[in-house]
Amino acid sequence: MKRTPLFDVYSQYEGVKLVDFGGWELPVNFSKGINAEHEAVRTNVGLFDVSHMGECLVTGENATGFLDYLCTNTISGMKKGEVMYTMMCYPNGTVVDDLLVYCRDTTSYLVVMNASNIEKDLAWMHDGVPYPGAERPTIVDLSEKTALLALQGPKAVEVLKTFCPECEKMPPFTYRSPCAVGEVMSLISRTGYTGEDGFELYCAAEEAAELWDTLLEAGEELGIECCGLGCRDTLRLEAKLPLYGHEISDSITPLEANLGYFVRLEKEDFCGKKALARQKEEGIPRTLRGVVMIDKAVPRSGCEVFLDDEPIGFVTSGTKSPTLQVF
């Protein structure tokens with residue numbers, strides 16, 4: 001299994017539970033358990049290792065045009081320091097992956113990919129997507145050289161402003177770089193996957209352990225908690241954030257997943273536009289909806305949903321809400 005640059009740090013923690021997550025050996029929870037970590041992020045601050053995520057650099061005079069065709073959202077209007085959530089689709093409108101795009105300037109962008117899709121995404125960018133331009137930009141995989149930590153929760157800003165006072169005034173979906181966090185130079189973005197305020201910090205892989213320790217030390221008096229994949233999933237579910245392979249996939253379109261806000265059909269063109277425009281015009285055949293259980297069973301991914309004994313759909317994700325204490 002693959003391991004992040006932080007594995008040797010947290011694998012030694014007492015009570016940590018490690019699991020296989022898409023070929024990565026990652027912590028599902030630390031000593032206090034999923035519910036305690038979930039509560040820490042909702043009310044205080046938690047620190048996650050998400051270095052399994054992938055990153056690539058897209059550069060060149062045609063970088064903006066290429067990404068604008070690759071992505072459903074509008075890249076061409078981005079300014080330096082902005083971050084955008086978007087998806088890239090197949091010609092039939094289903095989703096290759098959802099991405100975060102960081103604008104460095106009009107010729108240089110950092111693209112963040114889901115861990116399970118890195119190879120597929122890079123292949124799609126290099127020679128899969130039917131890009132009509134004369135030449136593709138340069139695409140360089142930075143995944144193995146990059147570590148990513150997520151500092152999440154209402155007190156995340158209290159931890160980080162110790163090193164970067166400017167972070168307190170950063171709007172959501174913007175970033176600053178380079179920023180010194182202790183001795184580690186980092187890219188800091190006001191983004192996350194929890195539904196809370198927070199930041200994501202990118203640094204060189206070899207400096208990940210130092211950054212981890214620095215943030216934990218800075219947040220010690222605030223009660224910072226190490227957090228794993230378990231609460232990351234419950235947090236994102238409560239916040240209604242999609243997970244690739246569940247709410248979006250190569251068999252589900254963004255419109256079916258209620259993510260039409262991130263699909264700019266008014267753009268001149270992008271891969272999948274014709275299919276998505278046709279789907280919207282003819283009527284979206286299915287849609288994502290929330291359900292609440294009437295008993296204490298947890299709806300699991302793939303379970304069928306029935307209405308009057310007739311199957312009407314399937315569960316994409318399900319869990320008990322630690323915050324609301326409902327299923």
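My working definition comes first: on a 1 Å grid over the protein atoms alone, a cavity is a set of points where a 1.4 Å probe fits but cannot get out, and lining residues have an atom within 4 Å of a point. I am working with a predicted model, where local features need pLDDT of at least 70, side-chain atom pairs count only at pLDDT 80 or more, and totals for chains, interfaces and linings use all residues. Residues are numbered from 1 along each chain as its sequence is written, and side-chain values use heavy atoms, with hydrogens and water left out.

**Cavities.** I find 2 cavities of 30 Å³ or more; a volume is the space filled by probe spheres set on the points, which are joined across faces, edges and corners. The largest cavity holds about 60 Å³. Its lining includes Tyr-10, Phe-30, Trp-212 and Arg-232. Strand 2 (24-29), strand 3 (46-49) and helix 7 each give two or more residues to that lining. The second largest cavity has about 40 Å³, and I note Phe-48, Tyr-193, Glu-200 and Arg-232 among the residues lining it.

**Asn-258.** I located Asn-258 in the loop between helix 7 (229-238) and helix 8 (273-282); helices (H or I, at least four residues) and strands (E, at least two) are DSSP runs, numbered from the N terminus. What does the side chain of Asn-258 reach? I find the backbone oxygen of Leu-288 at 2.7 Å from the Asn-258 side chain. Arg-286 is 28 residues from Asn-258 in sequence, with 9.8 Å from C-alpha to C-alpha.

Notes. A polar contact is a pair of N or O atoms within 3.5 Å; within protein, one must be able to donate a hydrogen and the other to accept it, and residues adjacent in sequence count only if both atoms are side-chain atoms. On a 1 Å grid over the protein atoms alone, a cavity is a set of points where a 1.4 Å probe fits but cannot get out, and a pocket is an open set with protein on both sides within 12 Å along at least five of seven lines; lining residues have an atom within 4 Å of a point.
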